[in-house]
Structure formats: structure tokens, C-alpha cells
Amino acid sequence: MFTSPADPWLAAETAALEQQNGLVLRLDGREMRDPASLFRTFARELSFPGYFGHNWDALVDCLHDWHGPGHGAQDLAILIEHADGLLESDFLGLFVSVLAQAAWTSNLRLDADGELDEWRRRLAQHFVLLLDRTAPAAFTEKTARGEDLAVALAQGRLLVTLTDVDWPGGDPAAAPWTPGPLSFADEEIRGGRNVEGIRILRDRLGCSIPEAVDILQSRSDLLRQGAPDGP
């Protein structure tokens, strides 16, 4: 989820988690300038083991195994504060996809092969990126390029989940999630018909007009650069 640190939902949910013996950890998004610094930040703040490989697959594995020996059996929320700068990164979609994969395997108590581990307790992992000055909707288009990701906008927050038939419970057609790259207004954007493009984005995503404007701007920048979709 992407939201503001002033969001009342955040204070209520973190308090409820802590009351249930859950753990809230805070990381500084300003330290995540590139993949290498991102891996160092997670390794330091979560005390990853020495064998952590400082790559995306290793990040999934260590987040999935974080509830193992020495870490306790606690539900976990990781808050990435001051995350605005990640909007300019070229790894945003991949990063969010990795977080979603880690949460999925932990929440469903899956083993390393993706099979249900009946001996493993189901433990929740939540990842929240907190934005100081950027509207969450501005992250919608770039996040939607991540592998197997679907997005939804609700009450000013951007929600992200995994959606693919290969993921247990995944359903690309399930409302209100919008899966995959947001290419359905590309013809209008390329033709300079921005008002029509904004209307299409608003209707397809169920968002407000200001949110649709932010999303159109991000998509327009991508099309102007000629960059491909995908992680």
C-alpha cells in the first residue's frame, strides 16, 4: 500500500497490530537510491543472516524466512518512510512485486517450493510505503508495470496485490483490481486527446479526476520515452 503518514488508517492499524503482539518496523526510503542500497537497508534493519545474497530473489527468501528461529512468531508491518524518491527509480515495479511475493508466501504459509507447509504458522506481512509530498495515485502506472501485479485506488490510497492464475487465489478479472500495464488509454494519449484519456482512466480504475491526471502524466512520460512495459 502507498499512503500518507498522516492517514488515520495507518495509526489505527499499526496500533491494533502492536496490541496483538505484532511488530512494526520502520525503514527510510531515502536510503533506497538503487538496488544495492535498498538491499543494504533491508539487511541492516531486519538483521538478515550473513548468507543474504543482496539480490531480488534473496530478498524474497529472507523476508519469507524472517519469522524463523530467533525472530519470533509475530505478524509484521514494514513501513517504508519518505518513499517519494522511489517514483523516479527504474526498479519500482520489481521492488513492489518482490514485497508482494514475500507477503503472499508468508501469509499463506507456503514453503520454498510454493507448496502449503502445514507445520508453518500463517503469519501476516504488510508493506506500507509512506509518501510525504506525492499523491499515491502518481505511483499507480509505474507500479502496475511490476510482474504479476494488480492495482486499485481506494480512499486516496494505492493498493497493490499479486494477480495471476499461477498464484494461489489469483484472479486477474477480480474487481476492483486492475492487472498489468495501464495501456488502455494509450491511443488517446498518443493522439493528444488527454481529456478523453483522463475519462478512460477514471472509468477503468474507478479513481477521481485528479488521480487520473497523475496516472495519465506518468503513462504519457513512459510513451514519450518509448520505454517498454514490464519489470
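**Exercise 1. The aromatic cluster**

Task: Find which residues form one aromatic cluster, then describe how Trp 56 pairs within its rings' reach.

Solution. 

Step 1. List the members. One aromatic cluster is formed by Phe 39, Phe 42, Phe 48, Phe 52, Trp 56, Phe 91 and Phe 95. Rings of Phe, Tyr and Trp (its six-membered ring) pair if their centres lie within 6.5 Å; planes under 30 degrees apart are stacked, over 60 edge-to-face, the rest tilted.

Step 2. Know the source. The model is predicted, so local features need pLDDT of at least 70 and side-chain atom pairs pLDDT 80 or more, while totals for chains, interfaces and linings use all residues. Numbering starts from 1 along each chain as its sequence is written, and side-chain values use heavy atoms, without hydrogens and water.

Step 3. Count the pairs. The rule gives 7 aromatic pairs.

Step 4. Take Phe 39 with Trp 56. Their ring centres are 4.9 Å apart and their planes stand at 75°, so this pair is edge-to-face. Phe 39 sits in helix H2 and Trp 56 in helix H3, 17 residues apart, so the pair links distant parts of the chain. Helices (H or I, at least four residues) and strands (E, at least two) are DSSP runs, numbered from the N terminus.

Step 5. Check burial. Phe 39 has a relative accessible area of 5%, so Phe 39 is buried. Trp 56 is buried too, at 16%. The cut-offs, with a 1.4 Å probe and protein chains only, are buried under 20%, exposed over 50%, and partly exposed in between.

Step 6. Take Trp 56 with Phe 95. This pair is tilted: 6.2 Å centre to centre, with 45° between the planes. Trp 56 in helix H3 and Phe 95 in helix H4 (residues 92–107) are 39 residues apart, again linking distant parts of the chain. Phe 95 has 0% relative accessibility, so Phe 95 counts as buried.

**Exercise 2. H2 against H3**

Task: Describe how H2 and H3 pack, and say which residues make the contact.

Solution. 

Step 1. Read the geometry. Helix H2 (residues 35–45) and helix H3 (residues 56–64) pack at about 20°, and their axes are 11 Å apart. Axes are lines fitted to C-alpha atoms over the stretch in contact, and angles run from 0 to 180 degrees between N-to-C directions.

Step 2. Classify the angle. H2 and H3 are therefore roughly parallel (under 35 degrees; over 145 is roughly antiparallel, 65 to 115 roughly perpendicular, the rest oblique).

Step 3. Name the residues in contact (heavy atoms within 4.5 Å). H2 gives Pro 35, Leu 38, Phe 39 and Phe 42; H3 gives Trp 56, Leu 59 and Leu 63.
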